[in-house]
Every structure is written in structure tokens, then in C-alpha cells.
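Here's a quick briefing to read alongside the structure.

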Amino acid sequence: MKRIRICLLVLLLILLSAQEAFAASITSYTYYRSGSGEDDYYPVPAPSPYNYVGSITGKDLGVDRLSDLSSLFVTDQYIYISSGGRILITDHDFHPVHVIEEFEDSDSRQPLTQIDGLWVTEEEEIYACEPKRGRILHFNSDWTIKRVLGKPEGMILSGNVAYEPLKVAVDSVGRIYAVANNIYEGLIEMNVDGSFSRYFGVVNVKFTAADLFWRSIQTDIQRAKSVTWLPVNFSNLTVDQDDFVYATVAGSGEEEPIRKLNAKGNNILRYPVSTNIHPHGDLTVNRVGLTIPTGESTIIAVDVNDYGVYAILDSKRSRIFAYDEDGYMLYAFGESGTAEGRFQTPLDLKFMDDEKLLVADRGNLSIEVFELNEYGKSIHAASRYQYESDYRLAAEEWKKVADYNPAFQYAYVGIGKALYRSGDYKAAQEYFRLGQDIDYYSEAFQKTRKEYLNDKFPGILLVVAICVAGSYVRKAWKKQKSDKAVGV
């Protein structure tokens, strides 16, 4: 027992020294799969993929404070921040460049009210949601007003519903998508001129058997007094480089809280077939508790980079999750708190410079800045190479990831994919087993079995031929012997 304790202590010291490069204060984990069901996933501690860099406050940006912080947007040139009735514009080092607090139109000079969602085009033209005034402001690249988009022409609302756009995104051809308050028909899609096109990607209502039963036995009066069954609204959105719309659903407990919508409004977000689990944040959650959050993650923001890695923000537990284009979880990190690297009321997140992640935290009145460390860089590099179908280089990065975090099963799947495509099916099969990927394991097993049969087929054919020939010889010999016996 003494030797075992010494070995465990040495192992612990090695692990601690190996992770000195990471922000030890940042809670991070991956999920370990031990079976085929969702209940067979267990969170295991992992190195954090990001190091905490610092907090950017209002004073750093030349203003008194970042009150009513709501949205971020990052372009190749600038960072845009909506804070109350102003839009702050900085360079990538957070040096102030400009502040939009008002605009002048043909009639008058108008101060901004609370600005919520932001979107900036490749030409640096700004779209900003001003929900209190029921409009989206469109600014030129020189920060002068270009147009004011009120309620889209052709859009019909019931008499007691005000048009309040909350979030906005614009695709490469100028189509405008918006999330609006109390609009349950889906995202609002507008034409380039701002007129109404259609509702897009509606979230259908799902009823439990209990809901349907109680509804069926209610009287008309009871049914009228009961809560109206409305679809769940969207909470945020973004558009990727291929003009697919990524949107998050506001309700907690949604089976598909992240959507990737094609031109028809259909959700085409990938997820691992072997698990049949849609990306939705935490897989294991507390169902009861007094001082801790309970229930499924509440996803309120999403951002996607150039190679299909998308990050989502869970407001319930102040946590960030990242997935690759196939829906495999790459990492989860973050938690509530007042210490460095923790969040109070995170509202939005954005990738920057391929290595940084920005989080808008209204509770801290700050922009929290994180930077990928070596572990995180390997995860992102492997994901990029897989996106580009360079599985050999991807495998090299996945091997580094597995060295950092031996419990990260998807790293073994990535190595297995490279071996599979190189034709080493037997080795790939072993890595897929370590990664608990049933589908890829089955494919590798079939290839291994086929290879085995192909290798052994000549020998098997020779044995069969010998057996058949031996059978004919034996029959001929018996016949000849029988004929001789009859002749005698």
C-alpha cells in the first residue's frame, strides 16, 4: 500500500506539472462515454482550452462604464460593442476608435436608446437593433446613418403585439434576419430593401402525453383560462461564411436548442449518429437543488468560425461549449463567480483573431478576454484540418490533444479517422473503440473483415478446390473398386 501511495503521489505531481501552462482557475471538462445511452456520459476534468487574459472595462474604452452591455461583433478591423444607448468601436487591442450615440437624419438629430443586437457586414456597415423604437438602424462604414428600418412592410402583427427587434444578422447578399420579441412564428426574414419576406425556421410546439390528456378533459372555459400553447422563441442568431443561419432557442430543455438553418428553414445541424444526441450544452445536470442551478442548459448566444467550430453560451451556469461541424463536443469551460475568469451575467460571445474569445458580461460590466493555450490550439488545429479533409495532419494534432487529456475520447476518433482513410483499418478499429464511436468502429470492423477474407480467399479457394477434387477422386476410386467387385 505504501508503494501504491507513493506512485499515485508521483503521478499526481506529474499531472499537475504538465498542466502548469493552463489557467488552473478556469473550470473545464469533457464528457467520457461508457455506454450507448445519454445517461452513460460522465463529465471528467480537463485542461482548460483557454487562458484568461483580462477584463476590459468602460475606463479602458474611454467611457464611464459599460452599462446595459448586450452584444458584441468582431470584424477583421474592429470590435463593436453595444452598451446602453451607444455603440463603441475599438481596434483589436481595445483602443477606442469611435462612439455612436446619436445620428442625424433629414429631420433632426436623434439620440440612441437601448441598443441590443449588432451585425457588421464585410464592408463595415452596421446593423443595430433598437427595440424600444421598433427599428433596426443601418449605418454606413463611415458611421453615418444610411437608413432606418421600421416594421417590415407586409408583416402583419396582432393588435396588441409591438414590433421589437432584438437580434439581427445579414447574409452575403443582403438578406436580413431578425429575432423579435413576442414573435413566435420564427425568425423574421427581410428582403434587401427591408420589406418582409417570410417567417423562417419556426420552432414547433411539442406536447407531452400528460399535456394532451389534461387538455382533452378540460372544459371550454378551463381551456380558455389555461396558458396558451405557443412555440418557443429564438434567442440569438448568426450567419456563417456559407450563409447558413445558426440560431439558438430560448427555452430550457429544448431537444434542439441550436439550429443550423438552410435556405428552406430546415435544421441541418449535424450530430454524432452513434450517440443520437443533439448538441445542447450539459449532458448531465442537477434535477433538484436549492442553491445550485437545475435543469437543462439555457442557450442564449452562438458564434461560428471559418472552419465550422461553433461556440454557445449557457446563461444558466455561465458556461461555454464548443462543437465541431459534426456536432462533437470539443470542450466546456466557465462558471459563475466574481474571481478572474468567471462570469456573473454573460450575454454574448465572439471569436477573434482565431485564437481569442470575447465574452460580454453585463454583471461584471466588462468584456472578458480569453486566449487559446497549446491544448486549445491543438483542438482547433485538428478541427480545421478535419474541415479541410487533411486527416493526416488532423491526427497529429489529435495525438497532442490525447497526450494533454487522455480522457478526451473524440481525440481517439480523430486519430482513427486518419488511420481509416490511410487503409490501416485494424489500428483504426482500436482507436474507434477507445473513442466509443460505434458507427466508425463497425465500418472499420467491416473493412477489417473484408481485408481478412480477401487475404485468406486464395488459401480458402485452394482448400475448397482440394476438397472438391478429393471428393471426386474418392468417388471415382469407390466406383472403380465397386466395378471390380462386380466383375469378380
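Which residues does Ile136 touch, not counting residues up to four places away in sequence? Keep in mind that this is a predicted model. Ile136 touches Tyr127, Ala128, Cys129, Arg147, Val148, Leu149, Tyr163, Pro165, Val168, Ala178 and Met190.

**Nonpolar cores**

- Ile136 turns up again in the largest nonpolar core, which has 46 residues.
- Along with Tyr80, Ile87, Ile126, Phe139, Leu187 and Ile188, Ile136 is listed among the residues that touch the most other members of that core.
- Strand β15 (residues 176–180) gives this core its largest share, namely 5 residues.
- Apart from that core there's another one, of 40 residues, including Tyr50, Ala322, Leu357 and Ala411.
- As background, nonpolar side chains in soluble globular proteins tend to be buried together.

**The largest cavity**

- Searching the whole structure turns up 2 cavities of 30 Å³ or more.
- The largest cavity holds about 370 Å³ of space.
- It's lined by 24 residues, and the closest to its centre are Tyr41, Pro272, Thr275, Tyr328 and Met329.
- Sorted by class, the lining of the largest cavity comes out as 12 nonpolar, 10 polar and 2 charged residues.

**The second largest cavity**

- Here the space is about 100 Å³.
- The lining of the second largest cavity has 14 residues, with Leu118, Asn236, Leu237, Asp348 and Lys350 nearest its centre.
- Strands do the supplying here: β4 (69–74), β10 (118–120), β14 (165–170), β18 (234–239) and β25 (346–352) each bring at least two residues to the lining.
- Its lining splits into 7 nonpolar, 4 polar and 3 charged residues.

**The chain as a whole**

- The protein chain has 8 helices and 27 strands.
- It runs to 488 residues, and 48% of them count as buried.
- Take the contacts with a separation of 6 or more: 48% of them are between residues 24 or more positions apart.

Note on methods
Residues numbered from 1 in each chain as written. Predicted model: local features only at pLDDT ≥ 70, side-chain atom pairs only at ≥ 80, totals over all residues. Heavy atoms only, no water. 1 Å grid on protein atoms, 1.4 Å probe; cavity = no way out; pocket = protein on both sides within 12 Å on 5 of 7 lines; lining within 4 Å. Points joined across faces, edges and corners; volume = space filled by probe spheres on them. Nonpolar A, V, L, I, M, F, W, Y, C, P; charged D, E, K, R; others polar. Helix = DSSP H or I, 4+ residues; strand = E, 2+ residues; numbered from the N terminus. Core = buried A, V, L, I, M, F, W, Y, C linked by side-chain atoms within 4.5 Å. Buried < 20%, exposed > 50% of the residue type's maximum accessible area, 1.4 Å probe, protein only. Contact = heavy atoms within 4.5 Å.
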